Amino acid sequence: MKIEQNRAGLDQFEGVRGAEVRDEKAAAAERAVQDKRADQVRLSSTGQLAATAASAANDAPDVRPEAVERGRALLASGELGRDPDRLANALIDHLLDKG
């Protein structure tokens, strides 16, 4: 079955609907200004903790020169990298102690 003019009669409503939506959005914005209300966000204590942690991470320096120098000294002395199993265990232990 072939349908001719599948938008018959709908074109006349298209502009009206768009205008209604725009008018409603404008009215809502005007009401918000008159009521002096604005969108608000409230964070839970967990959200506040996460925001504080993210802020602290962003403020931390990307490179710690003292750690780089210590690593270079250990590498030059042969202490770093000679026992990968010991290094892996030390890293895992350090991460577990932090948690």
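Modeller: Let's start with a cut-off: buried means under 20% relative accessible area, exposed means over 50%, and partly exposed is what sits in between. Keep in mind that this is a predicted model.

Biologist: Okay, so is L74 buried, exposed or partly exposed?

Modeller: L74 has a relative accessible area of 35%, so it counts as partly exposed. You'll find L74 in helix 3.

Biologist: And how much of the protein is buried?

Modeller: Of the 99 residues, buried ones make up 0%. The protein exposes about 9,500 Å², and 55% of that comes from carbon and sulfur atoms.

Biologist: What about the fold, how many helices and strands are there?

Modeller: Four helices and zero strands. Going along the sequence, that reads α-α-α-α.

Biologist: Now pockets. Which residues line the largest pocket?

Modeller: L74 turns up again, along with E79, L80, G81, R82, D83, R86, L87, A90, L91 and H94. The space in that pocket is about 320 Å³.

Biologist: Which helix gives the largest share of that lining?

Modeller: Helix 4 (residues 84-98), with five residues.

Conventions. Residues are numbered from 1 along each chain as its sequence is written. This is a predicted model: local features need pLDDT of at least 70, side-chain atom pairs count only at pLDDT 80 or more; totals for chains, interfaces and linings use all residues. Side-chain values use heavy atoms; hydrogens and water are left out. On a 1 Å grid over the protein atoms alone, a cavity is a set of points where a 1.4 Å probe fits but cannot get out, and a pocket is an open set with protein on both sides within 12 Å along at least five of seven lines; lining residues have an atom within 4 Å of a point. Grid points are joined across faces, edges and corners, and a volume is the space filled by probe spheres set on the points. Helices (H or I, at least four residues) and strands (E, at least two) are DSSP runs, numbered from the N terminus. Buried means under 20% relative accessible area, exposed over 50%, partly exposed in between (1.4 Å probe, protein chains only). Accessible areas come from the Shrake-Rupley method with a 1.4 Å probe; for residues, only the protein chains shown count as cover.
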